[in-house]
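Reader: Hi! Could you walk me through this model?
Author: Happy to. Here it is.

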Amino acid sequence: MSDLPPPPPNMSPPPGYVPYGGGFNAPMGGFRRVGTLGKWLVGLVGVNLVAQAALVLVQFSLKTAAKDFLANGDISQFDTKLAAYVGVGLVVTLIGVAQLVLLCIWTWRMAKNAESLGRQPLRFRPGTTIAINILGGCTLGIMPFLMWRELWQASDPEVAAGDPNWKRNVFSPLIAVHLALTLAAVAAGLAMGVGGLSPVRSNGTRDDIAKNITDKLTFVGLTGALSIAASVVFLLLVREFTARHTSATGEA
């Protein structure tokens with residue numbers, strides 16, 4: 001029995017070793033959870049869609065009231081519709097703020113997870129994603145498009161952690177469709193001389209407001225419809241993103 005060979009040395013992997021397939025078997029302690037946030041974000045985008053659709057409907061009822069006011073001086077109906085329009089617009093704004101906060105947290109966590117997966121070089125780091133979510137509209141959606149494209153590639157569950165070729169993969173066509181709809185909404189507003197979704201301004205007389213509404217509200221409705229379509233695409237994109245990213249990190 002004394003002639004038996006010695007036991008093999010310790011075969012445990014070295015520190016920092018990540019098995020092929022990366023996130024599949026990685027412990028969740030190293031990743032930020034995004035699944036629940038993604039579900040909440042989908043729900044919030046859905047609520048925002050309903051609110052935006054309600055705003056468009058109220059806009060057209062306001063246009064009718066504005067025409068009646070200009071024709072026969074019906075102030076009561078016009079003021080009632082205007083108050084409803086402003087109220088729904090405020091709800092849409094509040095929902096949008098809540099959606100933005102949740103979106104910032106969600107993308108920040110995905111970017112942090114991308115770092116943990118060894119996705120280097122990473123152009124859009126966690127802090128950068130927050131700035132892009134807040135200021136991306138100033139770039140007509142171009143910077144958000146680039147950010148979503150990189151995060152999509154970084155979330156590929158088929159790419160091993162630390163694989164330098166992770167950026168060679170294609171990205172979801174929904175990202176490009178969302179950019180196209182966003183640009184179309186902006187172009188529609190600018191082409192018709194509309195600075196956003198609302199033709200109502202706080203300054204000016206009641207007559208000025210009514211004339212502005214009757215002249216521009218149809219075009220604002222077109223802009224709103226394109227914005228709603230972009231939100232529908234974004235809702236689908238968030239669902240796909242959440243499923244893809246949780247698969248990459250092994251989140252249950």
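Reader: Is the crossing of helix 3 and helix 4 left-handed or right-handed?
Author: The crossing is left-handed, the term for a near helix turned anticlockwise from the far one by less than a right angle, with clockwise being right-handed. Helices are DSSP runs (H or I, at least four residues), numbered from the N terminus. This is a predicted model, where local features need pLDDT of at least 70 and side-chain atom pairs 80 or more, while totals for chains, interfaces and linings use all residues. Residues are numbered from 1 along each chain as its sequence is written, and side-chain values use heavy atoms, leaving out hydrogens and water.

Reader: Thanks! How many salt bridges does the structure hold?
Author: Five, each a side-chain nitrogen of Lys or Arg within 4 Å of a carboxyl oxygen of Asp or Glu. One of them pairs arginine 33 with glutamate 251 at 3.8 Å, N to O. Arginine 33 sits before helix 1 (35-72) and glutamate 251 after helix 6 (206-249), so the bridge ties together parts 218 residues apart in sequence.

Reader: Is glutamate 251 buried or exposed?
Author: Buried, at 9% relative accessible area; buried means under 20%, exposed over 50%, and partly exposed in between (1.4 Å probe, protein chains only). Arginine 33 is partly exposed at 42%.

Reader: And what about arginine 244, which partner does its side chain meet in a salt bridge?
Author: Aspartate 156, at 3.7 Å, N to O. Arginine 244 is in helix 6 and aspartate 156 in the loop between helix 4 and helix 5, 88 residues apart. Both arginine 244 and aspartate 156 are buried.

Notes: Helix = DSSP H or I, 4+ residues; strand = E, 2+ residues; numbered from the N terminus.
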